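Please load the coordinates in your viewer and keep the selection panel at hand. The tour goes from one selection to the next and says what is found at each stop.

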Amino acid sequence: MSPPAATTALAQELVDRLDHGLAVFDQGRRLVMANPAFANLLGLPPALARPGTSLADMVEARWDRSPDACCRCLDELASGLPDGTGVLSCRECPGAPEGRALELRRVDLADGVVAVVITDVSRRTHIEQALETSEGNLAAAQRIAHLGSWDLDVTANAFTWSDETYRILGQARGDAAPAYDDLMDTVHPDDRDRVAETVSGALFRRGRYQIEHRIIRPDGTERLVRQQGEVGFAPEGFPARMTGTIQDITDLKQAEQQLRKLSEAVEQGATAIAITDGDGVIEYVNPAFAALTGFAAEEAIGRSLITFKSATTDPAHYRALWQDVISGAVFRGVFENRRKDGSLFWASTVMSPVRAADGTVTHVVSIEDDITEKRLAEERLRNSEERFRGLVEGSLLGIVIDRGGKPVFANARFAEMFGYDSPGDILALESLDLLYAGTDQDMVRRYRRARQAGLNAPTEYEYRGICRNGTRIWVRTHVRQISWHGQPAVQSTVVDITLQKENAERLHRQANYDPVTHLPNRNLALERLHRAIIHARRTGQSLAVLFIDVDEFKQVNDSLGHVTGDRVLSQIAARLRASVREQDTVARLGGDEFAVILPGIGDPANAEAVARKILQAFHRPLLVEDREIFTSTSIGCAIWPDDGADSQALLHSADAAMYRAKDDGRNTVTFFTSELNREAVERQRMRQHLERALINNELSVAYQPVMDLVLGAVAGMEALLRWRSPTLGDVPPSRFIDVAETTGLIVPLGHWVETAVLQHVRLWQSEGLGMIPVSLNVTPRQFREPSFADKLCRALSAADIPGAMVQLDITESLLVADSRHTRDTMDRLKRFGVRLAIDNFGTGGATLSHLSRLPVDAIKIDASLIKALPGDSGNVALVQAMIAMAQRLNIKVIAEGVEQEAELQFLRLHGCNLAQGYYFSRPLDVDATVSFLSAHPRSAG
């Protein structure tokens, strides 16, 4: 039954009004019907949309009308839409807007009939594309900002993360959706409670939260993130949804820290900094700029930078350099600027342009350092160098300046000293090392390397120099580090000490070598023995000392005279040297006594073999002026360490053994034994007597006058200790002083003498004799007491006696030792005014260098040297040298032991103005001293 016509008409009208295209094709793909929308959407003319038109005719007619037309829609229909549905984007179809999209859907009907529905889905496609683009942009923005997002459906516990969230957390997107616990697991354990509390507060109280915390990625790296979230609540008031972001701010925080450090450095730095705009108007200054210029920040901002330049800067020059800076160049230079108070200062300035992204200069950074003091210092240095050159070029001292040994300056005296014609010849040398001789060159180079390394090196030393003609000179140099033309250098001030060295060597030989035999004397022998004992103690070896006395030598002197006797001594010395090894020492101790030091002898039998060889050497007669002289020797032998621990003890033991050899008939050798300890027993007995003497007041003081030879007046008194023992009688000092020194009793003895002498000085003053200078003998043991100087100075103060009224006579051994304690004691005494004299000078080894370094007021020439005057030419030369040396050093000379008129006249003739001895007076007791002083005038000096 067919539908009513009205119904069919309504259906056709409905189909025609559809926005969707509708067409039906039969089995042969011929059009059965199509509504207007079908033709419009495909861009077909109405004629091609009539029933009966085949699909192939539609395509062919379409190409005929527009060969370039797109026929994808018809192609899809022709192919039968194998997938059933297709969406096409039409950009080139005639009448179709660009970007239009059509959805073609095929519906299979009965008997092979096919219906085609075409829908315009352009709007939907555009929305989907926009959404896709928006999501892509969002993902890119999140990636650039290191900002991830997440969303949590609280009710369903459904949690989603953006791709950037995964990246920030260092995790890969998996198949399973993440849970909130996964996010919390990444939080640093130390921050986890704080984060949980913050999120819980947002869920149940606040609704929003923001927190910074640390996370730990799966690879162990730690990052800092900022997490923000917002909670949405259901109408019932419980949390329903929470969305949030997580941002990696690690790099941002680090940049903020760097920026803060930079800001603090600029604000707190000592360098003045100003920032201007492109026209030079100040926009910022740091505190250092304000302090340097005197303008507060608010006063400086808004001013032109040129405001601070002084009149010394040419404005045209400043404009030109400013133009260079804003053109992109960096300026470095020095300006004289003006402060707020009008004062001027010098500044080292750097102006750097700041460019915008397009390369234009928008700002200028000006950095200034105050170099006023540096400029003044440079000016002073230039003036100093000019004055220096003026002074040194005419100096009598040699002056040379070098850098690393290469001379850069020398004065005329230095060139002359080394035999060069001019300072230019010195500057032409490759190195000053060419002026140093032998091993001294290595020494100077070593000192130079030490200075360059910043180590301590001697500032004063002596070296042997080589003159241009090859001769050698001795030079003393003082070096100091200076700045020469702005560079570090070394200045050396040099003095030619060749003559001084030769004189010192001469005095050294005179002091340490016997002038007759040219052997070491007692002083040098003891020194070598001391060194040999130190070496033996270190190596575990033994050594021996032979004490040799020439038998009956006095008869040779008496019968043949002293000249012949000296020649005999010279031959004896030669035979002794020939009888021992090269490393052994042969010394003349005095008179006819000799010593031989035998280091490393091993067995004592070897020492006896050497002694027997010496005895054998004198079996042959000596030949002097065609005269045969027969002599023999008595030898005592002591072995270290059994017979003496030190040099003095060992020599005394050998001396005691020698006397036993003489007692045994002479011309023999005797070893020290326990039987020879009587001397030690005697020393102990003497100590006991001496201790009682101090207690029982058996001691007294005698005085021997010291005379002024020019005025014939008393210049002072020497105090001499005397001992009268009820048991021993009058004991000479030579017998008990050595015992007191070795046992330590010399300290209380010395204190007793000081007390008695100061009482006598006050007594003489009370009797109207005035203040009499007095000299006291002080042994090394006394002088080395730590409190010696302080006690003496306190005693002088208590007695109200000036220090200049006391002279201490000390031994040469103290000078030779030249220890720090000795120097300190001398300095304390000199500060109090106490005078110092060297007793028995000429017998103990003191040299010119010792006298020049220490605060000595006088030397007392030993009586043994005075007795031989004026007949002994050797002693004459020695005494003359001593007097001349002392006068050059402004040191007084006192001659001891003067007994003959001839001795007195010699001393006067050669400038010795002070003397003492039996010629003037024997030692006097206290009463006799008063009488002597009353009868003789006194010298004012």
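**Stop one: a hairpin and its sheet**

Select strand 9 and strand 10, which form a hairpin with five residues between them, and look in the turn for Gly237, whose phi is positive at about 100 degrees. Strands (E, at least two residues) and helices (H or I, at least four) are DSSP runs, numbered from the N terminus. This is a predicted model, in which local features need pLDDT of at least 70 and side-chain atom pairs count only at pLDDT 80 or more, while totals for chains, interfaces and linings use all residues. Residues are numbered from 1 along each chain as its sequence is written, and side-chain values use heavy atoms, with hydrogens and water left out.

Strand 9 (residues 222–233) runs antiparallel to strand 10, and nine bridges join them; two strands count as paired if DSSP finds at least two bridges between them. Along this pairing, Gly229 stands opposite Gly244, and the bridge partner of Gly232 is Arg241.

Widening the selection gives an open sheet of five strands in the order 7-6-10-9-8, with antiparallel pairing. Strand 7 (158–161) and strand 8 (208–216) stand at its edges, each with a single partner strand, so one side of each is left without a neighbour in the sheet.

**Stop two: helix 12**

Helix 12 is followed by Gly328, with a positive phi near 115 degrees.

**Stop three: the nonpolar cores**

Finally, select Val757, Trp764 and Leu808, which are among the residues with the most contacts inside the largest nonpolar core, a set of 80 residues. Such a core consists of buried Ala, Val, Leu, Ile, Met, Phe, Trp, Tyr and Cys residues joined through side-chain atoms within 4.5 Å. Helix 25 (residues 746–766) gives the most to this core, with eight residues. A second, separate core of 32 residues includes Ala544, Phe594, Ala611 and Phe618.

Key. Buried < 20%, exposed > 50% of the residue type's maximum accessible area, 1.4 Å probe, protein only.
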